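Reader: I'd like to learn how to read a structure like this one. Could you walk me through it?

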Amino acid sequence: MNRVRKPHLQLLLGFLIFWGAGNVSGQSSDPIDFGRQIQPILAKRCFACHGPDKAEGGLRLNQKESALSKQQSGRQAVVPQHAEQSELLRRVTSGDDGERMPPEGPPLTSAQIEMLRRWIEQGAEWKEHWAFLPPKAFAPPVVKNAAWVTNPIDAFILHKLEQAGLTPAVPADKTSLLRRVTFDLTGLPPTQKEVESFVADDSPGAYEKVVDRLLQSHHYGEQWARHWLDVVRYADTNSFERDGPKPNAWRYRDYVIRAFNSDKPYDRFVREQLAGDELPDGGSDGLIATGFYRLGQWDDEPADRLLALYDGFDDIITTTAQGFLGLTVNCARCHDHKIDPISQQDYYSLLAFFQGVTPNGNPNPNTERPIFEDESARQAYLAAVKVHQERMDNVQASISAIEKDFRERLDTQETPIHPADLDELEYRFYRDTWQKLPDFDNLKPETKGKLEKGFIDISLATRDFSFGFVFTGVLKVPADGEYTFSVDSDDGSRLTIQGQEVVLYDGIHGTGQPHVGKISLRKGRVPIRVDYFQGPTGAKDLIVKWSGPEVEQRLLSVPFESGLRVSEGKNRKKDFKNLIASKGTAILGAEVYGRYTKLLQQLDELKHDKVQAPSALCVTETGPNPPETVVLKRGNPQSHGDVVVPAFLSPLGGGVANIPKPDQSATTSGRRLALANWIASPSNRLTARVIVNRLWQHHFGRGIVRSPNNFGLLGDRPTHPELLDWLAIELMQGSNPGDAWSMKRMHKLIVMSSTYRMSSRAPKLRLNSTKATSNDNDPLSIDPLNQLFWRHDMRRLGAEEVRDSVLAVSGQLNSKMYGPGVYPKISDEVKAGQSNPGSGWGNSSVEEQSRRSVYVHVKRSLVLPILSDFDVADSDTSCAARFTTTQPTQALGMLNGEFLNEQAVQFAKRLRKEAGGDVTQQVSLAYRLALNREPDEAMLRRGLLLIEAMRTKHDLSAEKALEKFCLMTLNLNEFVYLD
Amino acid sequence: MSIPNFCGRTRREFLWQAGAGFAGTALSGMLQRDAIRASNVLASDIVAHQNPLTAKEPHFAPKAKNVIFLFMYGGPSHIDTFDYKPAMKGRDNQTIDVKTFGRGGHKNQGRIVEPRWNFHQYGQCGKWVSDLFPHLATCVDDIAFLHSMTADSPIHGSAMLMMNSGKITSGSPCLGSWVNYGLGSVNENLPGFVVMLDPSGGPISGAKNWSSGYMPATFQGTILRSKGAPIIDLNTPEGTTRAMQRELLDALNDVNSAHASTRSDNSELAARINSYELAFKMQQHAPEAVDFSQETAETQKLYGLDQPRTQDFGKRCLLARRLVERGVRFIQLYSGGNHNDANWDAHGDLEKNHNFHAGNTDQPIAGLLKDLKQRGLLKDTLVVWGGEFGRQPTAEYAMGTGRDHNAYGFTMWMAGGGIKGGVSVGTTDELGSAAVDSPFHVKRLHATILNQMGLNPNGLSYYHGGLDQKLVGVEHVEPIGEII
């Protein structure tokens, strides 16, 4: 292959440093690190045949016992201190093609073989992977330049620098530092006033004051929530064909913002998201937090439902394990993890914790529950519902009264189709909600009265739903014989004659399928009774007919239209409406009819403005006893293996979870709480490490472990393991129990450190130097990747920071917090890519469009171009760290896009307003606003020159020319890169 | 297979040992391509920022340099187009036992809808083609038909994702992203992965169909249009001339250069300065690429640009050829957009639907194949035709000719780029309800495309979520040897 390129000299030099990790000399007596140097070779080259999946010849090189014991062949792979007796070494060095291992691919390199040999000679220490061991309390090391140490963080950093012969960069200048810390903590640039006051403040506590102010700013929560939302793959929609909205998902986003702003202890934050509903004091935040389970993509129309169910579980497992524990447990879905000691059994034992979780649905009552901040909020809601109901009832009563009047008047004017067959008819009216007919005789009626006309009539109801009637009277039977009764009702009804049930049509249903019953009657007067109820929703109706000797299909219930053509079923209501519309004014008079239509309108409005409880998208379970969990062979849901129970990951200690038996009336199993408690426990080996690493990552541009979602063997090793452990323990212990797990305290420790406050410049930048040696301790040569933190890395703003800064600088940023997502304008050209161009993207007012990007509706299939251009996280899977790409499409959007050009206009307006008409002042202010510093002479002149050229060469007005300059300013590297 | 070495180590080991992971400022050129893990594809320089789309060496000598994927969105009916089923003749309306699975769910019985078009034999190979494609029928000797395609889902949403990204869930990079990730681009003035949509709208799931998923946005598809500005935000805003933009860029460069001069160890700053120049060049080159005035009337006629019916799709096909000439790696054209009969999704009136869409595309596609051939481009250009699935042999409803989706068996075809012409491989049963003889899963198609581009489908990987992710998945997948 022709791939081997000439290595970069600087790189190689840098390489040696890290390879040796602290022992630059690389002598043969230096101890070999099993986890870092040996295990990767075994994993990569040997595990395929001698690993978790296969054990050819009985040998498993992923197990110490197997490697260090005699196999059936009588040989031992590794004999500590005796490389010459170790079969492993003999086989990898064998000159015989039939014997040499590995049988496939190139042989091990001589360096690898040497490493194996030295490791065996040194005793073949089989040390566990660092991340699977508990964090150790390292004392901050002693350093030479103690004056540089502001807090223990600096001691850990400086110690390594001193070992490598490096000195830390000088402190950053004040404005760079202010810009850095303000962006890091709030995602926004400092205001002009903040810059001025910090520059003017010479007191020793000036910086600390700034840090305290920033940690108190509500923008802090917005910035850090966004980092967490990346990890939990937050989105407001489901992806797939409809990419439908997830109702109330935004409450989870708001919850995260509030959690950061209120400095919710991280262990509590973990517990609430995984099992807030199972916490005794979970409250509404506890419910909202479990929206965590509902954020993933979800196919409402999967090709294979069972597979989709397990894809959903996998999504939760993947996000939980990577997000909280930094482990790629997902690799063990189909087979044991190839490299990490995570078995398929581990994966499914973890799945067992989630087995009871109901699948996603939309809309689905299973995934939404009402939330109240406290009991008084609940009472207030119930009271509001009651008041609203009473208003509806009152309006309905007035409507019914007018309709009754209308019917009666109509009756006197028109002839009924037939005389009434009922006599002494009375009604009792009840109000309540039923699913089936109750025993009305045991209930207290709301009202009762007589029906003089002799027809059963439910239009007397004073509300549209949740009511019941009992009609009793005498049926006039004209002759002896068998009579047929037909009852159609919406909802349930029962017809009783002479105490005998003739028709029962109970339950919730519509009309159209009348139930029929027969009974033999004697000529004369017989008692009749009809029970009826209308459920909580839907249409209402009751039609009772009879036929028999001398009776042909006559109505016992009211012929609604009193003598006009009687239609049945669904049309009756409509016909009545038409009737009252055409004759209302004539019969009732204009005034009453006018009142009637207004009342109808009122009722409509009231129906529409239901009092809604705020709801949370949250987790629910099938009940206290989840179904059994089985290992799925090769991940195939049809292929069942062993039954497993909830158990913790074996590399982190393992053990079957001790879950109290839930009450049989409980709505959940209590399993998730057991998992949450295990993850949030101070004895968990990874939780604290993983979160402090994320804090570090977003302050320094990369984590101490560069792969924040993967602390396993395939992840990157910590560049400063002792510091990572120190930070983890510091987080868990706090300065006192009261601030254990406090994130703000950790932020402050980090940003107060000298390490954080270093300049981003290389101390001695040797331009045009052809010399590439490291004999003068040039950090750029020794450590070009800044592995050791000898300076602060520059960083480009994230997507949201770019957009929010543009708005802040132009003066348009709307600082309103919380609430449903907003929809900044997306051009038709971009929407043309949707199958229904424009669907699922709302219209927000200009003010709303100018809100911070964390509040922008996250639609999986339609991302705001400026955000996607600047590498916003893909929301389909957990995003550990964003990319920083540089592409021409970014430049096109920043130069020609509508958003930037509109903001440039606003920016120019602001300059004219705040700097007056003087161009020099305008340009100077523009730089100060955008870059937070005084411009130097050259850039000031260049800005003026641009404006001048736009005016003279291109005939632009002063306003337009200034706008062009503003656009240029918003495109500057210094605007999007922090020192 | 062996893994390329870097400094005597695999790149994975290198990064492992160097502890490099996510973008440190000096490193992002390499790392943005590789995330934590280097894959089998190499970067060349560690310290200097590098355009991740820089042309890269393939794994082995490629047969094709470019791909044109003609996406017949909605799912054309194979038995009415290229999969000749004489046994169905005269069986219209017969109720038969047949297992089907579409948007209407699983069914065990159905009413036969006889293929609605007559078939005739064409070319030296004697391929049976329906009357829907009189023009394309003249190209059959250059085409390899795959009659036994299968996919994992008969539902548009997940099936589109499968055809474009290899998975039925969203979040994975698309075929075009993989090709650009593996090979880079030879024309920095144009995007390397171009998508051209139907005027009625995008396909279901929109941008997910050209997303780079867990890869950086560098590899995502760019929408190119034949009307208006070819690329979004390509045109300067109203009232801004190119000279004014140059003026602005000069000022920007000056201030940026002064800023970078004291930070020259950060090559990202220089890269960003350069990206503005690239954008400026793109503004010049992209409109040229879509300018048909350089094409002769004869060529335009070949693509059907002279007829209102074929003009629209013809333009996209002609544009595809022009992009191939300019080195764009992966070009995807959609026939059909939006929902229902705006694409090949013939649930209602099969005849009306397929007559419409075939009529719009037949001549342009034949024109494209002929034009590529006459210019000597076909041998380097892999043309792929097909939808996300096929259609059922039976009717969807009690009345009418509409057919539901069918992922159990359907037809796609490939031409050019080292693909054998005049061959047909794989078969479906006598009704076309399912593949019976050597079924080809969508992954096989993907493997074939990568293979023709000189990329090992089982070697091209990207490290994400703890796994070496591949377009074709974890299990080994063979390209379709029968047509290579």
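This is a predicted model: local features need pLDDT of at least 70, side-chain atom pairs count only at pLDDT 80 or more; totals for chains, interfaces and linings use all residues.

Reader: What does chain A average in pLDDT?

Author: pLDDT is the predictor's confidence in each residue, from 0 to 100. Chain A averages 89, and 93% of the residues score at least 70. Two stretches of chain A to read with care are these: residues 1-27 have a pLDDT below 50, with 41 contacts in the model beyond near neighbours in sequence. Residues 561-570 are also below 50, and that stretch has 25 such contacts.

Reader: Now for sheets. In what order do the four strands of the open sheet in chain A come?

Author: The order is S8-S5-S10-S11, with antiparallel pairing. Strand S8 (515-521) and strand S11 (551-555) of chain A are the edges, each pairing on one side only. From one strand to the next, the twist averages 20°. Inside the sheet, S5 (residues 481-490) and S10 (residues 541-548) of chain A are joined over seven bridges. As an example, A:Ser486 has A:Lys545 in S10(A) as its bridge partner.

Reader: And are the faces of strand S20 of chain B covered or open?

Author: Here is the general idea: in a regular strand the side chains alternate between the two faces of the sheet. In S20 (residues 461-464) of chain B, both faces are covered. B:Ser461 and B:Tyr463 are buried on one side, and B:Tyr462 and B:His464 are buried on the other. S20(B) pairs with strand S21 (residues 467-470) of chain B in the antiparallel sense over four bridges, and B:Gln469 is the bridge partner of B:Tyr462. The two strands form a hairpin with two residues between them, and B:Gly465 in the turn has a positive phi of about 60°.

Reader: Last one: how many residues does the largest nonpolar core have?

Author: It has 297 residues, and those with the most contacts inside it include A:Val692, B:Val67 and B:Trp413. Helix H11 (residues 249-261) of chain A gives the largest share, eight residues. Beyond its neighbours within four places in sequence, B:Val67 is in contact with residues including B:Val179, B:Phe330 and B:Met453. A second, separate core of 35 residues includes A:Leu475, A:Tyr483, A:Val503 and A:Phe533.

Methods:
Residues are numbered from 1 along each chain as its sequence is written. Chains are lettered from A and ligands numbered from 1 in the order in which they are written. Two strands pair if DSSP finds at least two bridges between them. Axes are lines fitted to C-alpha atoms, for helices over the stretch in contact, and angles run from 0 to 180 degrees between N-to-C directions. Two residues are in contact if their C-beta atoms, placed from the backbone, lie within 7 Å. A residue is buried if 20 or more other C-beta atoms lie within 10 Å of its own, exposed if 12 or fewer, and partly exposed in between; C-beta atoms are placed from the backbone. A nonpolar core is a set of buried Ala, Val, Leu, Ile, Met, Phe, Trp, Tyr and Cys residues joined through C-beta atoms within 7 Å.
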